[in-house]
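Hello,

Here is the structure I promised to pass on. Please open it alongside this email; my notes follow below.

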Amino acid sequence: MLDIKKSIQTIMSEDLITVLEGAQLKHFEYKLTPRKIHHLIVENLQGELVGIISTEDIAKATSWIVEDKITTQHIMSKDLITLPHTASIKDVLLKLLENKHRAIPIIKNKKAVGIVTAYDFLYSFYLDKIA
Amino acid sequence: MKPIAITEIMTKKPLSVHPKEEISFAVQLMKQNAIHHLPITVGQKVVGIVSMGDLLFLQNCVNQNKDMFLKGTNFQLSALDEIMTKNPICLTNNSFIQDAVLEMQESRINCLPIVDENKNLVGIVTTHDLIQFLGNLYN
């Protein structure tokens, strides 16, 4: 059974793609295609996390908005639930139980160092033959 | 751990609506019943799915960016088939929880309609259901 006292760093994804706050979609969309990445981290000029964008949100937005005009501000989620890099797997479980949020950025000094999604979280239990 | 049937944790007989219903109707239905996913069905066959997250996201886009919208201001009156995820991945009711976790992770989805051998909708499972299952397991 997976030890939920372990650090979140043992299961979080550290393969992050970041974009600068205010960037236009046409200038960062290419970053998504070569890799199996489903969330973009939006940072300010100081490198601090200000929002996340899921690829699903981009797909939805581009079917309704004139694509040329879309910037990070139009499509990013700002009401984020985050956890510090010192959090445990149990902390993530509790956050996911409390909230309907499906992606939790992991932060250190206000900067994103990882991300945990609900399905990746469940998958780590599956790999441990628990789920 | 031995496999656990998906029917043990799925929400049975979930609410569903026709693809020609208006978006505003789906939002009202989900709010009234405190649900976040709504299968779209014709008869009992699943043809699509929408989530409250999808609808709120699009609604916010419409509100904030009216001048940018291709399809104008009648978002609430648009039919669900314009915005639903079409032909969603479903699991059959003889699947296990492990199958759901694997499918959600591989397909990056948070909700799976469950269908019977005739492909009729009989249930729904979300990542939240699975997280709750884990929560109970560790309590």
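**A hairpin in chain A**

Start with the turn between β2(A) and β3(A). These two strands form a hairpin with five residues between them, and A:G47 there takes a positive phi near 80°. The pairing of β2(A) with β3(A), residues 49-54, is antiparallel and runs over five bridges. Within that pairing, A:V42 has A:G51 in β3(A) as its bridge partner.

Before going further, note that this is a predicted model. Chain A has an average pLDDT of 85, and 89% of its residues score at least 70. Confidence in chain A is highest in β4(A), at 96, and lowest in helix α2(A), residues 55-62, at a mean of 74. Where pLDDT is low, the predicted coordinates should not be read in detail.

**More on β2(A)**

Is β2(A) enclosed or open? Five of the five residues of this strand, 39-43, are buried, so β2(A) is largely enclosed by the rest of the structure.

Chain A has five helices and six strands. Their order along the sequence is β-α-β-β-α-α-β-α-β-β-α. Chain B has four helices and seven strands. Its order is β-α-β-β-α-β-β-α-β-β-α.

Burial comes to 33% of the 131 residues in chain A. In chain B it comes to 34% of 139 residues. Then there is sequence separation. In chain A, 55% of the contacts with a separation of 6 or more are between residues 24 or more positions apart. In chain B, 61% of the contacts between residues at least 6 apart join residues at least 24 apart.

**The three-stranded sheet of chain A**

Which strands make up the open sheet with mixed pairing? The order is β4-β5-β6 in chain A, three strands in total. β4(A), residues 83-84, and β6(A), residues 111-117, stand at the edges. Each has a single partner strand, so one side of each is left without a neighbour in the sheet. β5(A), residues 103-108, pairs with β6(A) in the antiparallel sense over six bridges. A:I104 stands opposite A:V116 of β6(A).

A:T117 is also in β6(A). Is A:T117 buried or exposed? It has 23 C-beta neighbours inside 10 Å, so A:T117 counts as buried. Beyond its neighbours within four places in sequence, A:T117 is in contact with A:R102 and A:A103.

**β7(B) and its partners**

Five of the six residues of β7(B) are buried, so this strand is largely enclosed by the rest of the structure. β7(B) pairs with two strands described here. With β1(B), residues 11-12, the pairing is antiparallel over two bridges. B:T11 stands opposite B:I124 there. B:V115 has B:L121 as its bridge partner. β6(B) and β7(B) form a hairpin with five residues between them, and B:K119 in the turn has a positive phi of about 65°.

**Where the chains come together**

The largest nonpolar core has 58 residues. Those with the most contacts inside it come from both chains: A:V92, A:I106, A:V116, A:L122, B:V50, B:A100 and B:I114. Helix α5(A), residues 118-127, gives the largest share of this core, six residues.

Now look at α4(B), residues 127-138. This helix has twelve residues and reaches 17 Å from first C-alpha to last, close to the 16 Å expected at 1.5 Å a residue. Which residues of α4(B) are buried? They are B:T127, B:L130, B:I131 and B:L134. These cover an arc of only 100° around the axis, which puts them on the same side of α4(B). They pack against α4 (89-98) and α5 of chain A, and against α3 (97-107) and β7 (121-126) of chain B.

Best wishes

Key
Residues numbered from 1 in each chain as written. Chains lettered and ligands numbered in written order. Predicted model: local features only at pLDDT ≥ 70, side-chain atom pairs only at ≥ 80, totals over all residues. Buried ≥ 20, exposed ≤ 12 C-beta atoms within 10 Å, placed from the backbone. Contact = placed C-beta atoms within 7 Å. Pairing = 2+ DSSP bridges. pLDDT = per-residue confidence, 0-100. Core = buried A, V, L, I, M, F, W, Y, C linked by C-beta atoms within 7 Å. Expected span 1.5 Å × (residues − 1). Arc of directions from axis to C-beta.
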